[in-house]
Amino acid sequence: MARPVRNWPAFAALFVALALEILPLADGAQALRPPFVAMVLIYWIMMWPQRIGLGTAFLLGIALDVLHGQLLGQNAIALTVVGFLTLNFHLQIRIFPLWQLTVTVFALLAIDVLIRTLIDGFSGSPQAGFGPWVRVLIGTLIWPILMAVLDRIRMTAETRPSDFD
């Protein structure tokens, strides 16, 4: 009989990503904050697509909208599109070598920023500058480290004895 895998590590990681997203930083460091929520969401949809999906992406986006005080649905749409793309190609993405996976994550994070920028422009509050794109670059650079940490958490959750529940 197959032992069920617990979902709490994924939800705990997503909660920590939300907490890191609203952690107060100095003005100069604010633009250097990686998009933790999008990165953690990409990882868990890629690894556990049957547990973490588009509904989770949408709810995380709504939570980000509320936490940042942005247009309601802006992050929800962006994260849902990123989640959809990750979910559709998760079997191919999972077998990529690390460098190719990092390039794919860069593309997904860029799509996330592009959608949010377009929505900002359509709503009449366009953002000037390279701030969001710097976040994409920093997120891409730390992706291998984040993936190693989340891989360790996932492997621990999948191999723990059943009395850990």
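Which residues of helix 8 are buried? They are P132, R135, V136, G139, T140, W143, L146, M147, L150, R154 and A157, where buried means under 20% relative accessible area, exposed over 50% and partly exposed in between, with a 1.4 Å probe and protein chains only. This is a predicted model, in which local features need pLDDT of at least 70 and side-chain atom pairs count only at pLDDT 80 or more, while totals for chains, interfaces and linings use all residues. Residues are numbered from 1 along each chain as its sequence is written, and side-chain values use heavy atoms, with hydrogens and water left out.

**Two helices**

Helices are DSSP runs of H or I with at least four residues, numbered from the N terminus, and the expected span of a helix is 1.5 Å times one less than its number of residues.

| Helix | Residues | End-to-end C-alpha distance | Expected span |
|---|---|---|---|
| Helix 5 | 15 residues (74-88) | 22 Å | 21 Å |

In helix 5, the buried residues are Q74, N75, A76, A78, L79, V82, G83 and T86, and they pack against helix 3, helix 4 (54-68), helix 6 (90-94) and helix 7. F84, which also has its place in helix 5, counts as partly exposed at 41% relative accessibility. F84 and A57 are 27 residues apart in sequence and 8.9 Å apart in space, C-alpha to C-alpha.

**The largest pocket**

A pocket is an open set of points on a 1 Å grid over the protein atoms alone, where a 1.4 Å probe fits, with protein on both sides within 12 Å along at least five of seven lines, and lining residues have an atom within 4 Å of a point. The largest pocket is lined by 22 residues, of which E21, Q70, R116, Q127 and R135 lie nearest its centre. Helix 3, helix 4, helix 5, helix 7 and helix 8 each give two or more residues to this lining, and the largest share, five residues, comes from helix 7.

Note on methods:
Contact = heavy atoms within 4.5 Å.
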